[in-house]
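Biologist: Let's go through this one together. I'll ask how you know things, and you show me the cut-offs.

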Amino acid sequence: MKQDYYEILGVSKSATPAEIKKGYRKMAIKYHPDKNPGDKAAEENFKKAAEAYEILSDDNKKARYDQYGHAAFENGGAGAGGFGGGGMNMDDIFSQFGDIFGGGFGGSFGGGRSSRGRARVKGSNLRIKVKLTLEEIAKGVEKKVKVRRKIQAAGVTFKTCTTCNGQGQVMRVTNTILGRMQTASTCPTCQGAGEILDKRPKGADSSGLEVKEETVSIKIPAGVTEGVQLKVNGKGNAAPGNNSMDGDLIVVIEEIKHDTLKREGTNLHFDLYVNLSEAVLGVSKNIDTVSGKVKIKIEPGTQSGKILRLRGKGLPSIDHYGNGDLLVHVNVWTPQNLSKEQKQFFEKMIKDENFEPNPSKFDKSFFEKVKDMFS
């Protein structure tokens, strides 16, 4: 089984954000590739620590992990595979968490640093909203969206920064009462990238970038909810230089309101109206589900407020723990505009013992039904 994220960082489940960050820094420094050159086991532990920190340092991901464990991020779940979480490489780690290491390992500019001190610049992230129907949420869907993103212009070239000779840092020597001290600081010319623009093609900006429209394919897992954020790696804006990496595309899910179904977690609710005759005599009705129409039977003598549960006809859980249910709320429609004959009929029936309310101990009240529904 996959190792527990809290165990990887050596912290408890009640750890504060500061304690989680401290735990990650400790593990990251211990297994840092600069301290363990050529050690594949250390590199793997370094990646595990970064993956654990990515989840536990994000409030939303941490809440999902605390509730569902690793299942919340497997098989296409938000935060898995191409959406962040597992499968991180060393560039991802230094890009996202370079500031954790401080001056000893990596750096704080852009997307992190190599062991030489040269910054690995990462482009900015882009953010879009994608609207989904309940039917799409039920099955999962692949959406193709058009994104305007910055890319390096065709023909752009970069050259080594002459100020720092490609190191990304400049050294200063100062005399103190303790003697001569040497300090390093980010190169003011290249901002730590080690490169500067050489050839700027027509139409490119001062960084050698241009805006292009691109079609991006997004695989959205079944069971997502309103507000869930998915990350598509490398589909954000590019950054200048050969030593750079593209930002990410953040996809925010919006749920389109359904005409007849109301969502509550993985459960769905449907209001079914029947007339008085149908409630008395019984009837078969077609109702909506996320997978099409289904026929249900209303038994003779059905009372208004009765709830029918269609198990498994709701939405799937994103953690693959099964489907919710479809709850059909039966409402008996009382006629309001009666003809003279109809009115006379009900006047005759008003004293009939069969029309007298006579609930048994098995007929639950509205509040009891609601209580049962949520228990």
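Biologist: What share of the contacts in the protein chain with a separation of 6 or more comes from residues 24 or more positions apart?

Modeller: Those residues account for 63% of them; a contact here means heavy atoms within 4.5 Å. Before we go on, this is a predicted model, where local features need pLDDT of at least 70, side-chain atom pairs count only at pLDDT 80 or more, and totals for chains, interfaces and linings use all residues. Residues are numbered from 1 along each chain as its sequence is written, and side-chain values use heavy atoms, with hydrogens and water left out.

Biologist: How many helices and strands does the protein chain have?

Modeller: Nine helices and 17 strands.

Biologist: Why is Lys13 called exposed?

Modeller: Its relative accessible area is 59%, and exposed means over 50%, buried under 20%, partly exposed in between, with a 1.4 Å probe and protein chains only. So Lys13 counts as exposed. It lies in the loop between helix H1 (5-9) and helix H2 (17-30). Leaving aside residues up to four places away in sequence, Lys13 touches Asp4, Tyr6 and Lys62.

Biologist: How do you know that the length of H2 agrees with its number of residues?

Modeller: The expected span is 1.5 Å times one less than the number of residues. For the 14 residues of H2 that should give 20 Å, and the end C-alpha atoms are 20 Å apart, so the two agree. The buried residues of H2 are Ile20, Gly23, Tyr24, Met27, Ala28 and Ile29.

Biologist: What makes S12 and S16 edge strands?

Modeller: They belong to an open sheet of four strands in the order S12-S13-S17-S16, with mixed pairing. Strand S12 (261-264) and strand S16 (307-310) each have a single partner strand, so one side of each is left without a neighbour in the sheet. Direction ignored, neighbouring strands of this sheet are turned by 30 degrees against each other on average.

Biologist: How many bridges join S13 and S17?

Modeller: Eight, in the parallel sense, between strand S13 (residues 267-275) and strand S17 (residues 326-333). Two strands pair if DSSP finds at least two bridges between them, so these eight bridges qualify S13 and S17 as a pair. One example is Leu272, whose bridge partner in S17 is Val330.

Biologist: Which members of the largest nonpolar core touch the most other members?

Modeller: Ile218 and Val328, out of 36 residues. A nonpolar core is a set of buried Ala, Val, Leu, Ile, Met, Phe, Trp, Tyr and Cys residues joined through side-chain atoms within 4.5 Å. Another core lies apart from it, with 22 residues, including Tyr6, Ile55, Leu56 and Ala72.

Biologist: Why is Gln191 called partly exposed, while Asn165 is called exposed?

Modeller: Gln191 is at 42% relative accessibility, so it falls in the partly exposed range. Asn165 is at 58%, so it counts as exposed. Asn165 has a positive phi of about 55 degrees although it is not a glycine, and Gln191 has a positive phi of about 55 degrees too.

Note on methods
Helix = DSSP H or I, 4+ residues; strand = E, 2+ residues; numbered from the N terminus. Axes fitted to C-alpha atoms, helices over the stretch in contact; angles between N-to-C directions.
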